[in-house]
Amino acid sequence: MTPPDLVRLTTSRRDFVKLLGASVALAGLGACVREPDRKILPYVDTPPDVVPGVPLHYATVMTLDGYATGLLVESHTGRPTKVEGNPDHPASLGAAGVYEQASVLQLYDPHRARAVRAGRRRATWSAAASAFAPAALARRVGARGAGLRLLLPPTSSPLVASLLERVLVRWPDARVAFYAPLASDGAVAGTRTALGAPLVPQYDFRAADVVVSLDADFLSSGPFHLRWASHHGVRRRATPPCRLYVAEPVPTPTGTLADHRLPIAPAGIASLAATLLHAVAADPRVTGRVGAVPLPAPSGTLPADARAWASAAAADLAASPGRSIVLAGERQPAEVHAVVHALNAMLANAGATVWYTPPALVDAGSHAIGLDALATELDGRTVDTLVVLEGNPCYGAPADLDLPRRMRAVPNSLYLGAYADETARVTTWHVPAAHYLESWGDARAYDGTTSLVQPLIAPLHDGRTPAEVLAVLAGAGERSAHDLLFDAWRERHGAPPEAEAAWSDALRRGIVAGSALPRATPPPRWDAVARAQRGIADRAGPSRDTTEIVFLPSRGVYDGRFADNAWLQELPDPITKLTWDNAATMAPAHAARLGIVTGDVVALRLGPRTLDVPALLVPGQADGVVSLAIGYGRRGAEAVARGVGANANLLRASDAPHAATGLVIARTGRRHALALTQTHWSIEGRGPSVLGEPPASRPAASERAGAPEPQRKRRPLTLYEPGPPPKDGFGEDQWAMVIDLDACTGCSACVVACQAENNVPVVGKEGVLDSREMHWLRIDRYVDGPLDAPRFETQPMLCQHCEKAPCEYVCPVGATVHSDDGLNEMIYNRCVGTRFCSNNCPYKVRRFNWFDYNAEVAETVRMAKNPQVTVRGRGVMEKCTFCVQRVRQAQRTAWLAGEPRTGPVVTACQQTCPTHAIVFGSLTDPESEVRRLFDDPRGFSALGELGTVPRVRYLARARSAPAPSADSPGAGAAGGGGGDDDDV
Amino acid sequence: MTTSDAPVARLARRALGGGERRFPPEPASLEPHPVMGELPDDGALTTRLLAPIWTPASAWKWLFLASGALSALFVVAMGVTFARGIGAWGNNIPVAWAYAITDFVWWIGIGHAGTFISAFLLLLNQRWRASINRLAEAMTLFALVNASLFPLLHLGRPWFFYWLIPYPATMGVWPNFKSSLPWDVAAISTYFTVSLLFWYLGLVPDLAAARDRAPGTTRRRIYGVFALGWRGRASEWRHYRVAYTLLAGLATPLVISVHSIVSLDFAIAQLPGWHSTIFPPYFVVGAIYSGFAMVLMLMLPVRRIFGLEQVITPRHLDRIAKLLLVTGSMLAYSYLCEAFGAWYGGDQFERYTMLIARPLGPYAPVFWVMTAVNVLTPQLFWSARLRTNPLVLFVAGVLIWAAMWMERFVIIVGSLNRDFLPSSWHLYAPTWVDWSLLAGSIGLFCLLFFAFLRWVPFVPVSEVKRLRHEMARDALPPARRAGDAA
């Protein structure tokens with residue numbers, strides 16, 4: 001819903017929001033000592049949409065490296081508390097990723113910059129605006145702006161684009177650089193090569209029977225990963241079984257779901273792509289359709305397992321024309337992308353499962369310069385004024401550019417940033433940036449769909465948006481982002497009544513209808529493809545003698561922008577389960593050769609640069625490859641982030657920012673404690689009991705319907721008579737959950753969603769080292785089989801709400817009991833904290849408040865708490881409640897409305913799961929999906945033989961789907977064997 | 001005693017199988033050591049046995065200071081725990097119970113030997129218990145003081161400890177009687193009460209003797225208050241004997257029940273390593289075993305320092321060593337049974353815990369030291385010579401005392417740190433607070449025990465005198481004895 005006053009009455013809306021939240025927040029901020037009695041203001045006129053206790057949801061978008069993901073944000077009396085995906089938005093489809101989920105905490109971060117700074121003095125926005133207004137600036141940078149440079153991260157905002165255009169009209173000699181540490185133009189450059197135009201590929205994974213990914217983690221990272229994960233999840237459940245081939249140097253969530261996974265060094269990816277193209281082009285099924293394409297043979301440096309993988313994938317692809325997808329990782333070079341585009345064209349996928357759109361990102365055209373060029377200019381003293389709009393380039397830029405020193409030399413510089421970070425330290429001006437939940441703006445999704453960014457709260461620290469700064473530079477003065485946006489909107493949408501109706505509609509729905517960019521499928525230019533193929537053949541392939549390093553985004557803090565977000569710092573990496581750190585990950589065999597074990601600090605030397613990082617052994621990583629997450633080793637004013645991990649940017653070079661060869665690893669003899677939430681990888685032969693018996697293949701819907709019996713009965717043999725069957729109807733619900741292990745990528749969005757929804761505290765690195773993390777929902781990761789190419793198992797683990805719960809009977813005070821509708825309830829104010837329940841829980845999902853974790857939380861962070869969930873004190877147990885607050889809310893609503901049955905209840909984890917692996921509902925509802933899936937033949941209860949009768953049922957992950965023609969290298973049995981199944 | 005006994009006394013006598021004075025004559029040839037050495041008359045005996053409480057030695061000050069300092073550490077560690085929360089310990093998930101519960105079970109176990117000696121052996125007419133029972137009982141009480149502190153400390157919210165007690169709360173909520181923890185509260189509080197009463201009752205005649213011999217008015221008054229007006233009349237002795245025997249009858253089953261119930265704290269759980277039907281007897285045997293080890297540790301120095309070789313004779317040492325051998329062998333059998341049960345049961349989780357994690361896992365050194373000491377040490381006592389060697393006995397006592405702590409550690413931490421899902425496996429490492437609580441509880445025990453030695457007649461004067469009379473009677477020819485009985 002959109003409050004009507006958002007449209008016209010901006011001032012009063014601000015006042016209203018200030019009244020609601022900011023007055024409380026700022027009172028807390030301004031006070032250095034706690035003031036127990038502070039003024040509270042009751043509503044004089046209650047805003048029409050606000051009913052105390054009933055949250056409102058507003059649509060907005062969050063951008064990451066320029067691309068938007070649509071969100072619905074829950075607001076409790078003016079405080080945004082929970083972020084969920086917007087089902088209408090193409091990048092979200094209802095899901096949200098870890099960054100979006102956790103972004104709400106950053107809004108309330110007490111370490112955000114709070115005031116404009118000029119030099120060392122505190123200043124005001126008006127002072128900054130007059131200092132950078134054209135009148136003042138013209139004296140410094142010349143009439144045409146020859147001394148003016150702008151540096152900003154990639155953006156898709158039409159508003160920023162139009163303002164940038166105005167700036168460049170006013171300052172025609174100014175130059176603009178776009179930079180983000182993890183952004184790469186490889187994909188666009190690849191289309192320029194192969195298709196003759198700058199385009200970005202779009203995919204429909206629902207229609208893809210065979211997916212071949214060359215280092216593309218399309219299920220858990222990248223701008224459209226939520227959509228693609230959802231679509232791939234749909235396809236995985238359909239007939240006939242689809243097959244996923246993944247070649248990657250470092251295990252990713254996508255790789256763990258692969259049927260055929262190939263660990264390969266980054267340098268080998270290009271050769272692999274070339275080999276694949278060559279094999280597909282030579283396949284008679286393809287030549288019969290496309291004709292012979294003259295392509296040079298790839299170099300023969302690929303290892304045998306890679307060649308086998310490539311021929312299996314090529315055969316499978318050739319057998320699925322128009323129903324397959326080949327894609328390359330974002331940070332792969334242009335040649336690889338070109339080859340992949342050619343492959344899709346050759347396989348008739350282009351136009352079917354793959355198409356292209358113009359890039360949604362803003363391009364400065366002839367005014368654009370690269371970051372390295374900008375750095376050179378800074379040295380040449382030709383730049384007088386540098387305006388940096390977010391992005392923290394002094395931290396994120398490769399070390400060889402030496403940006404901090406060069407930027408410090410600029411006489412006049414302005415940085416718009418949320419924190420007094422590394423960049424803010426070297427600029428003469430620092431203006432606090434507004435959080436997106438405080439901002440007006442717009443942004444486009446990966447397919448171009450435009451959305452409006454609408455604020456849920458007035459800026460807590462008087463933050464500004466890039467548009468407001470650009471307006472100042474363009475000479476528009478101190479205009480608010482809302483006015484700028486609305487003006488731009490009116491320019492595009494005509495006269496007031498229509499414009500305002502469209503505006504309201506866009507705000508309400510979270511998207512501007514019909515704004516997606518047009519599709520195109522230009523034919524490939526085979527000569528250019530052949531040149532790319534030749535370019536690959538000329539490159540050095542993977543070599544046993546050299547060690548390669550890849551720089552990856554951190555799964556928690558991305559490129560460092562979320563480093564002050566404690567939820568994300570404590571979010572275990574989906575693969576390594578590492579928190580509060582980055583580490584040099586390497587294959588166990590590689591580490592064994594070097595005599596390194598996990599926790600050894602190693603000195604990484606790349607060219608002239610060295611960095612000391614702890615090592616972490618990761619099964620399934622390609623041998624001879626080290627990966628290092630960027631985003632750590634922060635030196636800014638962010639207290640949470642400071643001192644956590646090592647800064648990988650100090651090792652990166654601008655000519656090879658994402659992967660480099662020639663790494664030298666030396667032991668230092670020092671040790672470093674790595675906070676891992678899981679320290680034991682092996683399933684210890686308990687696979688059948690914990691992860692179920694893998695069915696022969698992914699069952700199709702038809703098989704499901706015909707199968708009478710789940711693979712394992714839910715109840716073990718018992719002497720007791722079964723109870724009466726549960727009744728149907730209102731008040732007779734029996735809540736249950738089903739988790740499809742075949743769809744779960746382990747992306748961990750659910751973990752953050754649970755944390756946000758249920759006020760789960762963070763415990764810090766020390767707490768994780770002591771195994772005291774509080775996550776109610778965790779993702780267990782097991783590896784099975786040989787350590788160089790294992791099978792990965794992923795299992796979300798949460799309270800199983802056992803019907804025969806072992807925790808309940810051992811509690812001496814009855815603080816954990818069973819509800820009539822099947823919830824295992826935790827009564828916090830009855831708990832005395834004996835912890836017997838945890839000892840007796842076979843799933844170890846109960847969490848204990850070892851300290852008073854909520855006592856030292858900053859006043860602002862308290863605003864992020866969900867008011868519908870108790871904040872637990874010291875000494876009590878807590879655990880997953882199946883989002884009981886949502887269950888009870890739905891029951892109340894149904895009861896008030898006189899419904900015959902409780903409406904659908906969506907738990908926080910289920911809501912955000914991009915692949916819909918989590919299903920929740922009532923077993924007594926014969927129509928419910930959970931009822932249907934509970935009897936699925938793949939269904940099993942984890943540790944079912946213990947007789948706990950869990951209400952969480954897992955659907956076993958299928959064995960790898962074998963390639964139809966080739967002898968598949970990756971297909972293998974799962975589960976360690978060993979344990980007997982006593983359950984039937 | 002005459003036939004005009006009170007009905008209660010008759011009942012007690014019938015229940016306990018005859019008069020307590022019907023000791024069979026000892027076949028002297030089978031017992032190499034006398035139960036009591038050559039002793040002078042009753043008066044001299046009283047003087048001799050009460051002497052330690054009248055003559056303070058300068059060593060006391062240092063002993064009290066040392067144990068008091070350790071107790072202060074205990075208080076500090078408790079303060080930290082209460083102020084900061086259980087997080088001050090090394091506990092985690094999965095190891096939610098660790099040192100505190102280990103200490104608790106250990107102290108409870110130690111608390112078993114006292115009652116075993118004073119009550120069990122009384123009912124079984126074991127005369128040799130007479131001279132050491134008070135010391136052993138005091139040990140029981142002080143061990144129970146420590147033991148009852150740990151569960152309180154261990155609560156996340158200790159200020160609500162009374163919720164474990166069934167009391168008529170306003171809201172009508174009761175403890176959950178399905179859980180073994182309220183059973184624990186009941187068992188331990190009962191045991192403590194009965195032990196205290198039993199100990200104090202036995203002490204009354206000696207306190208009266210101390211009152212009568214006290215060198216000054218103050219001390220006479222103090223002992224007089226605690227002697228509860230005991231005059232030593234025949235009727236008082238008659239009621240005393242009845243009450244003492246009845247309390248012994250009450251305390252005896254408690255020896256068995258308390259540790260059985262403590263063992264159920266583990267056995268009712270389904271954790272591999274805990275979920276075992278052998279636990280109650282296994283725990284009781286282990287408790288008595290550890291208790292006797294500690295009795296040795298305390299008794300041997302006391303015997304030496306206070307020159308009590310005439311009342312605590314090699315017979316006592318021999319008997320305790322034999323009990324160690326018996327209980328130690330039963331414990332070894334329990335270890336074997338536990339492992340066999342895990343293997344024979346075929347449960348993969350239990351097999352892993354018992355057959356892989358314990359002998360080969362991260363706490364394997366503790367397991368092997370514990371097993372070696374507990375199984376092998378008592379086997380020394382097949383040798384009659386070693387059974388009466390105080391030094392060997394003392395060292396064995398210390399080793400077993402420590403190894404029994406390790407046993408509880410292995411059972412608790414060794415089972416919790418690797419349970420069903422390998423994903424949640426995690427090691428446990430104690431913090432300084434954990435160590436301080438363990439050391440501090442030993443300090444508190446020492447403080448209480450030293451105070452007991454200093455101010456309380458720690459050898460039961462009246463019982464030793466009685467034993468002397470009985471032995472003198474036994475030495476008479478049978479004709480005289482028969483006449484005596486008539």
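Analyst: Helices H4(B) and H8(B) are roughly antiparallel to each other, a label given to angles over 145 degrees, with those under 35 roughly parallel, 65 to 115 roughly perpendicular and the rest oblique. The model is predicted, and local features need pLDDT of at least 70, side-chain atom pairs count only at pLDDT 80 or more, and totals for chains, interfaces and linings use all residues. Residues are numbered from 1 along each chain as its sequence is written, while chains are lettered from A and ligands numbered from 1 in the order in which they are written.

H4 of chain B covers residues 99-123 and H8 of chain B residues 234-267; they pack at about 155°, with axes 8 Å apart. Helices here are DSSP runs (H or I, at least four residues), numbered from the N terminus. Axes are lines fitted to C-alpha atoms over the stretch in contact, and angles run from 0 to 180 degrees between N-to-C directions.

H4(B) passes H8(B) in a left-handed crossing (the near helix is turned anticlockwise from the far one by less than a right angle). Among the residues that meet are Ile108(B), Phe116(B) and Leu123(B) of H4(B), and Ala251(B), Val255(B) and Val262(B) of H8(B); contact requires C-beta atoms, placed from the backbone, within 7 Å. By class, this contact has 13 nonpolar, six polar and no charged residues (nonpolar: Ala, Val, Leu, Ile, Met, Phe, Trp, Tyr, Cys and Pro; charged: Asp, Glu, Lys and Arg; polar: the others, Gly among them).

Note on methods: Helix = DSSP H or I, 4+ residues; strand = E, 2+ residues; numbered from the N terminus. Contact = placed C-beta atoms within 7 Å.
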